[in-house]
Amino acid sequence: MKFDTPATTNPIDQLRVVGKPTDRIDGPRKTTGTAPYAYERHDVAKNVAYGVVVGAGIAKGRISTLDVQAAEAAPGVLAIVTAYNAGKLGKGKMNTARLLGGPEIDHYHQAIAVVVAESFEQARAGAALIRVEYAREDGAFSLAKAKDGAKPPKEANDTPPSTQVGDFDGAFAQAAVKIDQTYTTPDQSHAMMEPHATLAVWEGDKLTVWTANQMIDWGRGDLAKTLGLGRDKVRLISPFIGGGFGGKLFLRADVLMAALGAKASGRPVKVALQRPLMMNNTTHRPATIQRLRIAAGRDGKITAIGHESWSGDLPGGGPETAVAQTRLLYAGANRMTAMKLAVLDLPEGNAMRAPGEAPGLMALEIAIDEIAEKVGMDPVQFRIVNDTQVDPEKPERPFSQRRLTECLRTGAERFGWSRRAAPGQRREGPGGRWLIGLGVAAAFRNNIVMKSAARVRLDRRGIVTVETDMTDIGTGTYTILAQTAAEMMGVGLEQVVVRLGDSALPVSAGSGGQWGANSSASGVYAACVALREAIAKKAGIDAKDAVFADGQVRGGGRSVPLGEVAGSEGLAAEDKIEFGDLDKKYQQSTFGGHFVEVAVDAFTGEVRVRRMLAVCAAGRILNPKAARSQVIGAMTMGVGAALMEALHVDERRGFFVNHDLAGYEVPAHADIPHQEVVFLDETDPLSSPMKAKGVGELGICGVAAAVANAIYNATGVRVRDYPVTLDKLLKDLPKVA
């Protein structure tokens, strides 16, 4: 099915099942511990052995000696695989560094060996016996030090390294009011609960891996390429994923090392990356340095806006596209963005929830507050004054839907924004101990659409089965696809079965970039349209007049149960959604307003988040319950980014020091107050047949800045370097009477 004209009325608009706050159909399995995650597969292979990965102890250089003799002689050890005996390996399209290092080392904790043994404990003990000597080389580990040597990156995914509209320099120089500030965001870890884990099984020359991967087809292709196999020789299965946030988008070392270990030992092998390797061996959100220059007239209208960003990655890597939202979020005739990429010898930087917009808005939305204050305008009103209904770089290109102003006004009213005091003026508690502040930030995330296929089956019992390699990383995909099929086929949710996460199934959009639910549901929609036509034809009913409801197909004065039409052999249909150029003719984005109240201890600088509100405009909300869950989770991650999350770099040795969940702090339940989420009633017929958009990443965009702005409002202290820890507040806190 080609989607190249706006959606008109279709069966989804009935909203009998779609749009309802529906419990997750996979919930009982997850809450009872019966959902099979990769490392917990005890039912698919016998005589399983265990692998432990050894990571490089340097960040740059080469291995001069790799002694595995003691490890090979250790009890229970079955095989040891290194670059010296692994055979020729390729590199996946999506991988920046090789997944198996040696003798050259590309980054700290790059996998250099896997020890396979009868038990995990024996494999771990064997791994500890491997002796490695290195010829260390000097590396670049500091973005600040490498900044001046950074260069414009190559254009990727329609993101140019720089943009220029109008005369930014001239308009900025002549402006009545302007700011010129630099902001920094740190390296961050995905820190998901489930480790990167894989069970690998060879049957002759065919390989099956049960793993944790967000993008099944990408993973299958890169594994085949790395091992030098045909795609038909590789099967990748990932029905349940315990969190990914972008960290499981690509093939990682656990998959390759499990496959190599299984080949060498002749046994099925399980590998789970240790937490330090999850943080140093896999990907992370790279640090940024961002310079923002904004100029405005006395009326508050932006006359010039410039956003420059510096980030770093391994050779061949890409930038953190932190300037992306600045090209689209606010009006202004004179505009400039620029990205520079430094070569760093740190572990690979790559996608983490809302890459680009999340760190970009951390800076931009503080800068917007700063220029609003300089103009003398309320920050909510300043954002409204600078709203635009067209792409600021291409005024002939309108937004498909843009209700940012409504998000901000609705949020301000619900949150009690009118009670906001001047910075440092509102106190509560004994002796005025707690300084109270309110903060706001706009939320913005582009709506990306991806080709997605599905197969839908109908059996003689009237059961509808959906099959697609789409994944569920905790986002509710099982439920949303079941709702889509139930709506289209006129059956109850209990009559739908959903099979996901298997490369033997039709190729879907996968889970990433906020495109998953909308694109994959549209693929199911397309397959259901084809199945409806097949059912109507077999039932002798004109497909144009057929009505699907209550488990029956009706038309021409007849009503036939679906199971009866399917018969003993059943019926099946397969199709895919392919998107035309509507996203080129119209800018498709999602919008929101984040509001935060904080209390700051005037003695210690401790920050407590007291209230949070998100108002979102993201097309049709397919399942409000699941969508709210996604947004409050994203808001929680935003609090972490604002107040605590940072991977600290050892600039002597080139690794992240706090590489576990004890040292890398994330919010706990006690850190998060009541969170309110409001979805504006919206449909976007230009986005897909579902008239929906993604929402899971919109929820993090702008949150950190809203927290930082609230802290400024509470204390009068402006912090431009994340996270906003108490040491950055203490010296400038107002005196306590």
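Predicted model: local features only at pLDDT ≥ 70, side-chain atom pairs only at ≥ 80, totals over all residues.

Which ring does the charged end of K178 sit over? I looked it up: the ring is that of F172, with the charged end 5.1 Å from the ring centre.

**Charges over rings, continued.** I also checked K263. Its charged end sits over the ring of W202, 4.1 Å from the centre.

**Aromatic pairs.** I ran the search over the whole structure and got 12 aromatic pairs. One of them is F444 with F591: ring centres 5.5 Å apart, planes at 70°. Planes over 60 degrees apart count as edge-to-face, so that is the label this pair gets.

Next I followed β28 into its sheet. The sheet is open, has 5 strands in the order β19-β20-β28-β29-β32, and its pairing is mixed. At the edges I find β19 (427-428) and β32 (675-679), each pairing on one side only. For β28 (residues 589-601) and β29 (residues 607-617) I get antiparallel pairing over 10 bridges. F591 turns up again here, as its bridge partner in β29 is A617.

**Helices across the sheet.** Which strands does α16 lie across? I find β28, β29 and β32 under helix α16 (residues 624-643), which runs at about 130° to β32. Helix α17 (residues 703-715) lies across β20 (434-446), β28 and β29, at about 155° to β20.

**Cysteines.** How many disulfides does a search of the whole structure find? I got 0. I took C616 as a case to check: the nearest cysteine sulfur belongs to C407 and is 6.8 Å away. A disulfide needs the sulfur atoms within 2.5 Å, so that distance rules the pair out. C616 is buried, with a relative accessible area of 2%. I looked up C528 as well, and that residue is buried at 0% relative accessible area.

How values were computed
Residues numbered from 1 in each chain as written. Heavy atoms only, no water. Pairing = 2+ DSSP bridges. Helix = DSSP H or I, 4+ residues; strand = E, 2+ residues; numbered from the N terminus. Contact = heavy atoms within 4.5 Å. Axes fitted to C-alpha atoms, helices over the stretch in contact; angles between N-to-C directions. Phe/Tyr/Trp six-rings, centres within 6.5 Å; stacked < 30°, edge-to-face > 60°. Lys NZ or Arg CZ within 6 Å of the ring centre and 35° of its normal. Buried < 20%, exposed > 50% of the residue type's maximum accessible area, 1.4 Å probe, protein only.
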